[in-house]
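Have a look at the fold before reading on.

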Amino acid sequence: MISLLLALAAVQPPPAPDCAAEPQSAQCDAPDYPVYPRPIMVVTASRLPVVRNEAPASITLFTGRDLEAQGLVQASDALRLAPGTSVAASGGRGAQTQIRIRGAEANHTLVFIDGIAFNDLAAGNQARFETFSAGGLGRIELVRGPQSALWGSEALGGVVALDTPDGFGGESASVAIEAGSREFLNVASAVQVGGERYGLSATASFGRSDGIDILGGGAGDLDGFENLTLSLKGAFRFGDAFEIGAVGRYVDHEIAYDGSDPLTFARADTTDASTA
């Protein structure tokens, strides 16, 4: 027993120096002890904050840095990169977009934005993913597999949770502008102000494109889209265990599409449009 204790003491790493008391220590300038990053927490998998690697579900997490580095326009563009997830669009950018997780139907995915359910009853209880801009998002949590025990029957295929930044910890501002052919334009901006106890964030994004003429042979009506998204989020923490907040989100989305001839009911190059 004594030799075992001595062996453990021999391989035990030295204690970390007290850099606050001895700031001039050489070990403080270049520490030779391991420094571990803070664990990544997720909430959607168990309705409580847990370490991602310990969550009892298959989770894909996209942070704000991931979304910014990839230069994504819509949230569905990020979900295309997740395993076990299928993204289907009925046309160009801005057209109806459906998410299917592990083969489940599109209305079997429950979607939250800042904790608010965003499934649309008018669209067969599907989420309108074509209206969800990636600009201004702080993170996306995707939980694959049945989650009905936690979230109800709408989560038969999985859960997608989108969150805007909460603003805690400091001040920041960012603006991104992207332009391309067919009058494509995408602008995203975000402002965050906060400290340890309070946080306020505001985001705005605007995207548009003239689109293309699908049925008119190049001389007919263009089927483009336009999307404006605004959000405002504020929160205040009372100690370490209680937080109160409020969030507001405004989405104005319009997409042009080819409908049907009023006489023959055949698909035709019309000027129909849908708004959300």
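Residues 24 or more positions apart make up 51% of the chain's contacts with a separation of 6 or more, a contact being heavy atoms within 4.5 Å. Keep in mind that this is a predicted model: local features need pLDDT of at least 70, side-chain atom pairs count only at pLDDT 80 or more, and totals for chains, interfaces and linings use all residues. Residues are numbered from 1 along each chain as its sequence is written, and side-chain values use heavy atoms, with hydrogens and water left out.

The chain has 5 helices and 17 strands; these are DSSP runs numbered from the N terminus, with helices being H or I of at least four residues and strands E of at least two. Of its 276 residues, 35% count as buried, meaning under 20% relative accessible area, against over 50% for exposed and in between for partly exposed (1.4 Å probe, protein chains only).

Points are joined across faces, edges and corners, and the volume is the space filled by probe spheres set on them. The largest cavity holds about 80 Å³. Its lining (residues with an atom within 4 Å of a point) has 13 residues, and Val73, Gln74, Ser133, Phe225 and Asn227 lie nearest the centre. Strands β14 (198–212) and β15 (223–238) are the elements giving two or more residues to that lining, and β14 has the largest share, with 3 residues.

| Class | Members of the class | Lining residues |
|---|---|---|
| Nonpolar | Ala, Val, Leu, Ile, Met, Phe, Trp, Tyr, Cys, Pro | 4 residues |
| Polar | the others, Gly among them | 8 residues |

Strand β5 (residues 97–101) is largely enclosed by the rest of the structure, because 4 of its 5 residues are buried. It runs antiparallel to β4 (residues 85–89), joined by 5 bridges; pairing takes at least two DSSP bridges. Within this pair, Val87 has Ile99 of β5 as its bridge partner.

Is Ile177 buried or exposed? This residue of strand β12 (residues 172–180) counts as exposed, at 64% relative accessibility. Leaving aside neighbours within four places in sequence, Ile177 touches Leu185, Asn186 and Val187. Its C-alpha atom is 9.8 Å from that of Ser205, 28 residues apart along the chain.

How values were computed:
1 Å grid on protein atoms, 1.4 Å probe; cavity = no way out; pocket = protein on both sides within 12 Å on 5 of 7 lines; lining within 4 Å.
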